[in-house]
Structures are given as structure tokens and as C-alpha cells.
Amino acid sequence: MIVSIDNRIPVPDSYAAVRTLGLYNVEPEDAMRFRLDVDVPMERDDWQIGIIVGPSGSGKSSILRELATQGWIEFQAGWDPGLPIIEPLSWESYAQATASLSAVGLASVPSWLRPREVLSMGEGFRADMAQLLIAADDSDERMMIDEFTSVLDRQVAKVAAGAFAKAWRKRPGRRLILFTPHYDILDWVQPDWWIDTAEGADQFAHDRGVIVARKGDFQEARHHGGYRRNRVGSVEC
């Protein structure tokens, strides 16, 4: 599926705008228009996790908004203020709630009894991901997350991303696209495909490797996954 972005924003004819254009030698076209064409492999049915990665301003949010018009749902965590996180998560099934929390690495039972707003950044992220796992069992198969792991310490982000990806893959038929500016989670998530908006290139994962790590030493593991680089519009597997 080709996603074409062509955003146009007029630059005002004001003193500050005109001076900025001249002082920094910026062409009006560069400031007024953003264009991006990218081939997102939506029609394929042999994937569960895709990643769109790139720095701020490279088009990720524009792609997300376009996909939302195609029926993809952006996940937004919603919590009841004051309630411990285990309460709303367990309304459908207590066993499902505890399993989801454990699957994303939030194994601290005292934390289950606290509201979302008092949890640490890392715990809060894991709680949100547990909520997503439960939502994915009961909702549309096509979901997106913006700014995935952006608020986390990078070491915590990598371990949390890996735990979440492992749990997501146990839900066959559910597809998820992660949008992030952080390249360091690629090896930990091991996505089925990923698109780099900075380079205008897309990749499809292959030769997924298997590693063995002792319990508690996952952060020391070195993931080995192969990616083949192709031109946009020519994803291969």
C-alpha cells in the first residue's frame, strides 16, 4: 500500500517569517511543503509487528494519520483515576489481567495495587502495554502506537519493548505498527518489517535468530536478526 504524504502550509508574509527565510537561506518551498511516498506492506498477511522509525519531522506522524483514515486504530491507554491498575484490567477476566501484566514484565504485585498515575515511567509503560494486550483480544486486529518507548530510559525501553513484542506474538492474526524515533529497539522487538523515514528505505526481516539467555540476564543478551535493505516500493521477503 503506497502512502503518499503531501502537506502544504502557507508561510505568512510577516517580518519574522521573511527575515528567517532570508537569514537562514531557506527556500519558501522547503518551509511550505512536505512530501513523502512510502510503501507500507499492509496487504501482506504474514506479519504481526511492523515498525516505522525515524527522527522527528521525518513524516512518521503524517503516516500514522493517513493510516488512521484507512481503518487502523491508534491505541490510547485509558485509566480510571484512583483505581489500582489491576481493577479495570480484571473487569473481563482476572486471569487475563494478571497474565498480561506478567507478560510485559510488570511482575511487582504491589504495583498492581497502585493507580497508573503514581507508577514510575517504566511501570506505567508496561501497564499501558498490558492494557493493549487485553484490548487486542477484544477489538480490531489493526492497531498502532505512536512514540513507542519514547518516555523511557533507553535500557529500560529495550527490555520492555522485547517483553511486549514476545507477548504480542502470542496473539496470531493481530497486527501492530509501532512508530518511534528510537532505532535501539529494533533488535529487541525483531519486527517483521520496518521502514526508516529518514533514509526513505524499507526493510523486511528474515532469518530470525534464536538466542538463549538466563533468566534475569536478558538485558545482557545480544539479539541477532538479519534485515535486507530495499528501495521504497520494492519490499521483498
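Keep in mind that the model is predicted. The chain runs to 237 residues, and 43% of them are buried. It has nine helices and nine strands. Contacts across the sequence carry a lot of the picture here: of those with a separation of 6 or more, 74% are between residues 24 or more positions apart.

**Nonpolar cores**

- The largest nonpolar core holds 39 residues, and M129, L132, F148, F164 and V189 have the most contacts inside it.
- The top contributor is α7, with eight residues.
- What does F164 touch, once neighbours within four places in sequence are set aside? Its contacts are V104, M129, L132, L133, F148 and L176.
- A separate core of 15 residues sits apart from the largest one, and its members include M42, W72, I177 and F179.
- Over in α5, the buried residues are Q96, A97, T98, S100 and L101.
- Just past the end of α5, G105 adopts a positive phi of about 90°.

**Aromatic pairs**

- The whole structure contains five aromatic pairs.
- One of them is W47 with W72, a stacked pair with 6.1 Å centre to centre and 10° between the planes.
- W47 sits in the loop between β2 (33-39) and β3, while W72 is in the loop between α3 (60-68) and β4 (73-74), so this pair ties together parts 25 residues apart in sequence.
- W47 also pairs with W193, this time edge-to-face, at 5.3 Å centre to centre and 75° between the planes.
- Because W193 belongs to strand β7 (residues 193-196) and W47 to the β2-β3 loop, that pair ties together parts 146 residues apart in sequence.
- Are these tryptophans buried or exposed? W47 and W72 are both buried, and W193 is buried as well, with a relative accessible area of 1%.
- For W47 the relative accessibility is 3%, which is why W47 counts as buried: the cut-off is under 20%.
- Elsewhere, F125, F148, F164 and W168 make up one aromatic cluster.

- T149 is found in the loop between β5 and α8.
- Despite that loop position, T149 is buried, with a relative accessible area of 1%.
- Leaving out neighbours within four places in sequence, T149 is in contact with F125, R154, A157, A161, T180, H182 and I185.

**Salt bridges**

- How many salt bridges are there? The count is three.
- D128 and R116 meet through their side chains at 3.0 Å, N to O.
- That pair links distant parts of the chain, twelve residues apart: D128 is in helix α7, and R116 is in the loop between α6 (109-112) and α7.
- D128 counts as buried at 13% relative accessibility, whereas R116 is partly exposed at 24%.
- R154, one of the T149 contacts, forms a salt bridge with D184 at 2.9 Å, N to O.
- R154 is in helix α8 and D184 in the loop between β6 and α9, so the pair ties together parts 30 residues apart in sequence.
- Both partners are partly exposed, with a relative accessible area of 22% for R154 and 27% for D184.
- D192 pairs with R169, their closest N and O atoms being 3.3 Å apart.
- Here again distant parts are linked, with D192 in the loop between α9 and β7 and R169 in the loop between α8 and β6, 23 residues apart.
- D192 counts as buried at 10% relative accessibility, and R169 as partly exposed at 25%.

**Surface**

- The chain's accessible surface comes to about 12600 Å², with 53% of it belonging to carbon and sulfur atoms.
- Y24 has 60% relative accessibility, so Y24 counts as exposed, the threshold being over 50%.

Technical notes
Residues numbered from 1 in each chain as written. Predicted model: local features only at pLDDT ≥ 70, side-chain atom pairs only at ≥ 80, totals over all residues. Heavy atoms only, no water. Buried < 20%, exposed > 50% of the residue type's maximum accessible area, 1.4 Å probe, protein only. Core = buried A, V, L, I, M, F, W, Y, C linked by side-chain atoms within 4.5 Å. Helix = DSSP H or I, 4+ residues; strand = E, 2+ residues; numbered from the N terminus. Contact = heavy atoms within 4.5 Å. Areas by Shrake-Rupley, 256 points an atom, 1.4 Å probe, with all protein chains shown as cover. Phe/Tyr/Trp six-rings, centres within 6.5 Å; stacked < 30°, edge-to-face > 60°. Salt bridge = Lys/Arg side-chain N within 4 Å of Asp/Glu carboxyl O.
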